[in-house]
4 protein chains.
Amino acid sequence: MKIPVGILGATGSVGQKFIQLLNNHPWFEISALAASEKSAGKPYAEAANWFGSDQIPENVARMTVRNCTPDLNCSIVFSGLDSGIAGEIEEDFARAGYTVISNSRNHRFDPDVPLLIPEVNPDHLELIHQQKYGNGCIVTNPNCSTIGLVLALKPLVERFGVKTVSVTTMQALSGAGYPGVASLDIVDNVTPYISGEEEKMESEPLKIFGTLQNNQIRPAEMTISAQCNRVAVLDGHTECVSVKLNQPATETELISAWTSFTAEPQQLSLPTAPCHPVYYHKDARYPQPKLHRNRDKGMAVHTGRLRKDPILDYKFVLLVHNTVRGAAGGAILNAELMLKKGYIKL
Amino acid sequence: MKIPVGILGATGSVGQKFIQLLNNHPWFEISALAASEKSAGKPYAEAANWFGSDQIPENVARMTVRNCTPDLNCSIVFSGLDSGIAGEIEEDFARAGYTVISNSRNHRFDPDVPLLIPEVNPDHLELIHQQKYGNGCIVTNPNCSTIGLVLALKPLVERFGVKTVSVTTMQALSGAGYPGVASLDIVDNVTPYISGEEEKMESEPLKIFGTLQNNQIRPAEMTISAQCNRVAVLDGHTECVSVKLNQPATETELISAWTSFTAEPQQLSLPTAPCHPVYYHKDARYPQPKLHRNRDKGMAVHTGRLRKDPILDYKFVLLVHNTVRGAAGGAILNAELMLKKGYIKL
Amino acid sequence: MKIPVGILGATGSVGQKFIQLLNNHPWFEISALAASEKSAGKPYAEAANWFGSDQIPENVARMTVRNCTPDLNCSIVFSGLDSGIAGEIEEDFARAGYTVISNSRNHRFDPDVPLLIPEVNPDHLELIHQQKYGNGCIVTNPNCSTIGLVLALKPLVERFGVKTVSVTTMQALSGAGYPGVASLDIVDNVTPYISGEEEKMESEPLKIFGTLQNNQIRPAEMTISAQCNRVAVLDGHTECVSVKLNQPATETELISAWTSFTAEPQQLSLPTAPCHPVYYHKDARYPQPKLHRNRDKGMAVHTGRLRKDPILDYKFVLLVHNTVRGAAGGAILNAELMLKKGYIKL
Amino acid sequence: MKIPVGILGATGSVGQKFIQLLNNHPWFEISALAASEKSAGKPYAEAANWFGSDQIPENVARMTVRNCTPDLNCSIVFSGLDSGIAGEIEEDFARAGYTVISNSRNHRFDPDVPLLIPEVNPDHLELIHQQKYGNGCIVTNPNCSTIGLVLALKPLVERFGVKTVSVTTMQALSGAGYPGVASLDIVDNVTPYISGEEEKMESEPLKIFGTLQNNQIRPAEMTISAQCNRVAVLDGHTECVSVKLNQPATETELISAWTSFTAEPQQLSLPTAPCHPVYYHKDARYPQPKLHRNRDKGMAVHTGRLRKDPILDYKFVLLVHNTVRGAAGGAILNAELMLKKGYIKL
């Protein structure tokens, strides 16, 4: 008997990824798909412009799309709603008693909403007891670029402390949704600007690495500078990072911090958890989106090219699958953690 | 009566760019083409795998390719030779009395060889009087990524001083020559590594911004950290830069420093000089390789997105056409400056 | 004293190309820019999302965009209007006495409207005397893919007759306008369908190659089968063509028909006319969009790989710059022909 | 107890695909890897420039690469050897008693060598009894573009007969091996030529569709014309096809022929066989490489856009995964068929 779950924004690009990743999930089973008025009432296969490389799972294809109103046949909903409308709809569902696992940015900075990465700040889940939604609650996952960065930083924060982070991203097209980036803007080109992205990368990690005290998050003390670019890659954000640590460390120690890093999702054997949250690649040409984004179910972060930085302490490259680990997969892992730790009452 | 010039490595990608840019040049006329044994003796049109979007200029197409020996019918040679062989051949030509304008890296750090960008360090040309090549001499231009960076920094260095530079590049495919980067390595991908590139970007600016004292260059005091990536762009390197200045400055002052910047090539009306060495774009989405690389003959550097950096002082984006300003065009401008200022005796 | 011309749909992608190609035109001068309500009243630089690789010409940048109503200060208008609205607006202008040179499909099959390619059917201009627009008139140019195909076929039609044409296209992204094709649909992909394109390619050539008799076009007898695809190319449509001729011919004769082909635009030295309408490339790897689309001002068609076809008679490859020869440039050449031959009274 | 198999040319791109597809194969187990002198003696992980998106299977990574001499510990070898050397090496292995399943072109037209596609001409396997290799034998699979074409044609050949085929391909980069196509030749470009490809597509189907009579293949009577292009797609060849049938048929009949098609690999439940050899897509935009190449293990052919052809009878689009169905996967299916039908004695 699997747990029925619903998807809000089921026809969009994040919604489609939820469907792909929840197909044959050992714990969850899609029981409801909700989207905009335009799609409601239609069979999913007709409502969605499906662009997955797998077929729409058969049971999902035939399911009728519903409106985004809190009368879905499930108690957990994954939200891939557009931020233009996510805020209110998610609250409606929470108030109606649903556990809302959201990928949207709207509630990320609500003081009582966890901005959750299971390997990084599982203790922040305690915040939901502060929420005023009755039996329901809202849990968010961070921006896709933030997730990659924070996962790579976590082992360093834990062992050595991180004071300063400078990061330049080369982000994939799928991060902009569909239709998203026009081909005329990106073939033979780079776009050195992604609206709102740098602000998210500079602020979200402070909450995620923050300390839970008196039912509140005290933000971490860390200075982050981000420069965000769009490049002609379908999936997988590459980030060039420099860090200043709080205490001295050798290259070997940093690499060891990454490769030995393990956390609750691994210890609890959550089904969507990667075997290792962070892989380090010795080959100077790696990591690369095309080669590494799908490894370990697309849920791992890949680092490489660790070397001294003449300004801060160290620099390195990281890669994260932006729509899996950085969005739908991350949200599903959040739900798995919450379920396993008793934060979801069915 | 134009001045006859030769091209060493004429069939390679930099050589081809020299030919394109010297076509209809008001001062220079190609009189000799030299390349490897394999090409020598053939008409150029047959020896070269021409990939310019213009046709091979007719007179060049029929010219017989010569060996790279110092018996060419000219006194100036532009060298686009591969670094594997450039060192010795360039010296041979210099010793035989030729003015060698080189794009190769071999002699860039010879203490008596100028690493020249006409808008930046024209006074370094005095170094050639220290050379032991008789009537000949060698002048080099920097790496393509360095040229873009240094041109954007120059107005800031001049007005405010620059102490620290952190730069992450997204470099074009043409920078790797032909056949260069395999398509399987770059379609839907990023390569976060370019052999030797970071070292060049971190060291060359110190010489270029260095001070000429007692016939020697005293390197500038500046700390540079570079992270270099290859992306699926044909021409045009994009660089994300953060800088720490020596003295406080407002955004307006920085932008004004760029837009008002002018130097000897502009004052001397050198034919290949851009009207403005640096353009600043107010649109947050700019500069972009596809849109701006060819403006002002491909010889200008484009900056944009100036904003405060929470770690250093400011961050911005720059764009440089790597094979024009960053290679062949830069070398031709070097020759024009030398000629105009009397460093070349014909 | 240049002739003032207006551009309808000036902010769109075809409109932008008109502006680029009319900049420094020896006969014409842009005196009016018109676009939708949304743009009207704004300076052009602000109204347009300019994506040309050159800057907006200064005089154009400052010009105020007007509404598409027939009160523009000129007597010739180039129309790059969207087909959703082009039909009526173009008629309004014609009725008000303007010469309308249109790139839109709306009036292409009006029996009294020439579907004009100056090298192919200049005699069809006589049709405009049948039009009921008073002093005004409408002249259209064909679809971008059709123009390339018809120009390559014309020398064969003239000398040998062409009975049957099978063509498969690989079309550029710029043909779909902006934002046009989503990057997620074309990076690492091919789209084997372009709405309405095959129908145009199968029907338009019949009118263009038709015979003017009793003030009417009798369509040519020719069977055409087209298969149209979109590929990740910015500019330049590549077409693989097979033809059955009416009379036997050798490869040499076909190539000679192409290379010796010349027509009124060349004979009249029209400023936008290519030196040669058709180039034949002997290198089996050519023509290629990146290499050849811009040659001869982007106005020539390039053919290559002529060889026997085991089903029809011959097969070959052709390339046409879709937004220059296939759209704005073709339309400007139409205007030049009309002016030179006295079809436009100023 | 799985059957040990070897891979010749194990470090190349086809070799790598064999390794990926044989990983966890229910019948076969890789017991030997052989490659050129340069690689021999090294652990596979070191010898190969692995570009799979999965990791090298652990047991393979550690395996020492051997020379391509017939002393490998297995009785079946898959050959992904370069055609420059494949001919002789494959014969050596056959003579030494190995069953050689080759992807190379060298022996495809040997009169006693089956050019095998299990769904199309399994009866041709009888040819191997004519071979003079003792206990060994050579079986080849066709060119990647041919395999896609022939699989889509087979149901039509069977039911209606096919007289004439005109095909234009848009082929993926992986078909050229590694490093293969230079990025400068294909970003923002199409290459309308692939050496030898058209000849293969025009000749191989005649043998495959040929009739086995008196231990010889009588080639099919079919006229094929092919035009082959390279486009910027990583995997998946798209082909635009027109066909003339021997007997009239409706669109519905053709589609039904495809969707109901099944053959020995399906009936025998061969592990690598797709559920359906051919899928028909009703959406006019399909099939597309990015969306459909990996469906059904990458072993199915996808057709779409069936419509009347004004010259021949019908036209349609097909898609085949060139390195899976068109190369390594096809070869593995050949081996599975041979094993199941008793053509391989262990």
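Entry 1: I note here that the model is predicted.

**Entry 2: the strand pair.** I then looked up how strand 11 of chain A, residues 237–245, pairs with strand 14 of chain A, residues 314–320. The pairing of these two strands is antiparallel and runs over seven bridges. For background, I recorded that strands of a sheet pair through backbone hydrogen bonds, in a parallel or an antiparallel sense.

**Entry 3: the sheet.** I followed the strands of chain A into an open sheet of six, with the order 10-7-11-14-13-12. I recorded its pairing as mixed. I asked which strands stand at the edges. They are strand 10 (223–230) and strand 12 (278–281) of chain A; each has a single partner strand, so one side of each is left without a neighbour in the sheet.

**Entry 4: the domains.** I looked up the division of chain A and found domain 1 (3–143 + 328–340) and domain 2 (144–322). The C-alpha centres of domain 1 and domain 2 of chain A are 24 Å apart.

**Entry 5: the contact between the domains.** I recorded that domain 1 of chain A gives 30 residues to the contact and domain 2 of chain A gives 30 residues. On the side of domain 1 that touches domain 2, helix 10 (residues 324–340) of chain A supplies the largest share, seven residues. I noted the composition of that side of domain 1 of chain A as 14 nonpolar, ten polar and six charged residues.

Technical notes:
Residues are numbered from 1 along each chain as its sequence is written. Chains are lettered from A and ligands numbered from 1 in the order in which they are written. This is a predicted model: local features need pLDDT of at least 70, side-chain atom pairs count only at pLDDT 80 or more; totals for chains, interfaces and linings use all residues. Domain bounds come from an automatic or database domain assignment. Two residues are in contact if their C-beta atoms, placed from the backbone, lie within 7 Å. Helices (H or I, at least four residues) and strands (E, at least two) are DSSP runs, numbered from the N terminus. Ala, Val, Leu, Ile, Met, Phe, Trp, Tyr, Cys and Pro count as nonpolar, Asp, Glu, Lys and Arg as charged, and the others, Gly among them, as polar. Two strands pair if DSSP finds at least two bridges between them.
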